[in-house]
Amino acid sequence: MKLFGVKKASSGSTLTIPIPPSLPAGFIFRKDHVLYEPLTDGTAVPLKFCSLNIPNLHALEDRPGAPGNWDIPTEWEQRDALKSVYLLGGKVARIYVISVGAAHRHVPQPGVYNDRMFQALDSALAIASEFGIKLILVCVDQWSWWGGIEQWAAFRNKRELQFWEDPTVRADFKHMLTYLVTRVNTKTGVRYCDDPTIFGWETTNEGGGWDYTPPADWTLDIARHIKSLDPHHLVIDGTLGGQTASGSPKWAKDVLESEGLVDVMTNHYYVCDSSLRDYARWAERDSKLAKKYRKAFFVGEYGNIETQRLVPCSFSYRLIRFCSD
């Protein structure tokens with residue numbers, strides 16, 4: 001599990017505000033660059049959190065003896081993980097992607113869905129709701145661990161990078177999104193699009209990797225598709241983005257400038273990604289860039305760093321301040 005968090009709103013934004021009248025009860029929402037959590041009195045306060053990723057909350061790829069080592073977590077395993085987040089004071093948890101490309105994964109092939117795997121996601125949402133924890137759901141992976149953009153493209157005999165532009169591949173992916181967003185939870189009877197337990201939809205995990213930015217057309221088209229099915233949940237641009245070491249933005253400008261589609265920007269911090277060694281300062285720069293375009297921002301992941309590469313003010317300390325000041 002990897003730590004992640006969001007910066008608290010500035011002191012000028014700490015007053016409660018009314019919940020938008022069109023918003024169903026319990027949903028996290030954004031106003032400009034600030035995320036808000038609803039209270040029971042009809043008002044909302046700025047949301048701040050520092051919590052954990054739980055990649056295997058809805059699927060396990062390393063269960064000895066299971067087909068291909070793939071299995072679903074037991075209810076006890078899910079409850080244990082979410083209770084741990086709850087006892088740590090976490091309000092939000094982020095899970096890994098919807099897996100693709102084999103019979104034992106969520107999407108064995110286009111238009112075919114493994115209900116056993118999705119029922120594990122149903123269970124995760126139901127238990128998270130009991131603990132009052134919001135879950136960030138990630139739609140597709142840049143990488144191949146659970147099947148990702150390469151596998152989606154391979155379904156149609158396309159190359160990996162054609163995932164972003166081929167119309168058939170995009171239609172396949174949108175079909176999965178429709179299935180996911182409109183799914184009725186078998187544990188609660190609530191459609192995912194109506195479930196306030198879901199924090200939001202993250203378009204990709206580390207989209208583009210360290211080498212490129214996914215086309216803005218793809219990100220905005222996917223956001224538009226999600227919003228057409230689910231206008232109330234947040235959409236998060238999962239591009240591995242922010243700013244490079246030279247200070248140039250890696251997030252697509254058209255996405256940053258978009259209105260009503262993408263609500264939240266995020267980034268992951270690892271040594272191999274940049275010559276910047278001070279993750280907290282790097283994240284602060286990204287947060288300011290998102291704020292400039294009136295987008296919310298959170299740190300999705302950060303990795304370990306060798307002791308000899310630590311800056312004088314340790315990252316762990318500064319990240320906690322970044323999330324909690």
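The side chains of aspartate 32 and arginine 294 meet in a salt bridge, with an N to O distance of 3.3 Å; the term denotes a side-chain nitrogen of Lys or Arg within 4 Å of a carboxyl oxygen of Asp or Glu. Aspartate 32 lies in the loop between β3 (29-31) and β4 (34-38), and arginine 294 in the loop between α7 (279-292) and β12 (296-302), so the pair ties together parts that are 262 residues apart in sequence. Helices here are DSSP runs of H or I with at least four residues, and strands are runs of E with at least two, numbered from the N terminus. Aspartate 32 is partly exposed at 35% relative accessible area, and arginine 294 is partly exposed at 39%. Buried means under 20% relative accessible area, exposed over 50%, and partly exposed in between, with a 1.4 Å probe and protein chains only.

The model is predicted: local features need pLDDT of at least 70 and side-chain atom pairs count only at pLDDT 80 or more, whereas totals for chains, interfaces and linings use all residues. Residues are numbered from 1 along each chain as its sequence is written, and side-chain values use heavy atoms, with hydrogens and water left out.

A search of the whole structure finds 22 salt bridges. One of them joins lysine 174 to aspartate 221, the closest N and O atoms being 2.8 Å apart. Lysine 174 belongs to helix α4 and aspartate 221 to helix α5 (residues 216-229), so this pair links parts that are 47 residues apart in sequence. Lysine 174 is partly exposed at 21% relative accessibility, while aspartate 221 is buried at 15%. Salt bridges that share partners join Arg170, Lys174, Asp217, Asp221 and Arg224 into one network.

Aspartate 115 lies in α2 and arginine 183 in the loop between α4 and β9, so the contact ties together parts that are 68 residues apart in sequence. Aspartate 115 is partly exposed at 32% relative accessibility, whereas arginine 183 is buried at 7%.

Helix α2 comprises 17 residues (115-131), which should span 24 Å at 1.5 Å a residue; its end C-alpha atoms are 25 Å apart, in agreement. The expected span is 1.5 Å times one less than the number of residues. At the N-terminal end, asparagine 114 caps the helix through a side-chain oxygen that lies 3.1 Å from the backbone nitrogen of arginine 116. Just after α2, glycine 132 takes a positive phi of about 70°.

Twelve of the 17 residues of α2 are buried, among them Met117, Phe118, Leu121, Leu125 and Phe131. What covers the buried residues includes α1 (75-87), β7 (92-97), β8 (134-138), α4 (167-181) and β9 (198-202). The axes of α1 and α2 come within 10 Å and cross at roughly 35°; axes are lines fitted to C-alpha atoms, for helices over the stretch in contact, and angles run from 0 to 180 degrees between N-to-C directions. Residues of α1 including Leu82 and Tyr86 meet residues of α2 including Ala124, Ile127 and Phe131, where contact means heavy atoms within 4.5 Å.

Histidine 106 lies in the loop between β7 and α2 and is buried at 0% relative accessibility. Leaving aside neighbours within four places in sequence, histidine 106 is in contact with residues including His58, Val97, Asn114, Met117 and Phe118.

Key: A polar contact is a pair of N or O atoms within 3.5 Å; within protein, one must be able to donate a hydrogen and the other to accept it, and residues adjacent in sequence count only if both atoms are side-chain atoms.
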